[in-house]
Amino acid sequence: MMEEKRVSKKQAISNEQLRQIQRVAENIGYGSIHLVFQDGVMVHIDRSEKIRVL
């Protein structure tokens, strides 16, 4: 019979990470925010911003 592995489920996005995402979103004019997850947990925030040159 196979043993059941007990895996503690980590929170996908912590409260501090939510605050970081909010700060990035508030300070971006035109662009995108890309969130990277690994094993169900956010590990990276990538921000890409477009700047118009007139």
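This section describes the secondary structure, strand pairing and surface of a predicted model.

The chain contains one helix and two strands, and its elements follow the order α-β-β from the N terminus on. Of its 54 residues, 9% count as buried. Among the contacts with a separation of 6 or more, 24% are accounted for by residues 24 or more positions apart.

Strand 1 and strand 2 (residues 41-49) run antiparallel and are joined by eight bridges. Within this pairing, glycine 31 is placed opposite glutamate 49 of strand 2. The two strands form a hairpin, with two residues between them. In the turn, aspartate 39 adopts a positive phi of about 55°.

Strand 1, which spans residues 31-38, includes phenylalanine 37. The relative accessibility of phenylalanine 37 is 41%, and this residue is therefore classed as partly exposed, since the partly exposed class lies between the limits of 20% for buried and 50% for exposed residues. Phe37 also belongs to a nonpolar surface patch, which it forms with Ile33 and Leu35. Together, these three residues present about 220 Å² of accessible area. In a regular strand, side chains alternate between the two faces of the sheet.

How values were computed. Residues numbered from 1 in each chain as written. Predicted model: local features only at pLDDT ≥ 70, side-chain atom pairs only at ≥ 80, totals over all residues. Heavy atoms only, no water. Patch = residues over 30% accessible without salt bridge, like charges linked within 9 Å, V, L, I, M, F, W, Y side chains within 5 Å. Areas by Shrake-Rupley, 256 points an atom, 1.4 Å probe, with all protein chains shown as cover. Salt bridge = Lys/Arg side-chain N within 4 Å of Asp/Glu carboxyl O. Helix = DSSP H or I, 4+ residues; strand = E, 2+ residues; numbered from the N terminus. Buried < 20%, exposed > 50% of the residue type's maximum accessible area, 1.4 Å probe, protein only. Pairing = 2+ DSSP bridges. Contact = heavy atoms within 4.5 Å.
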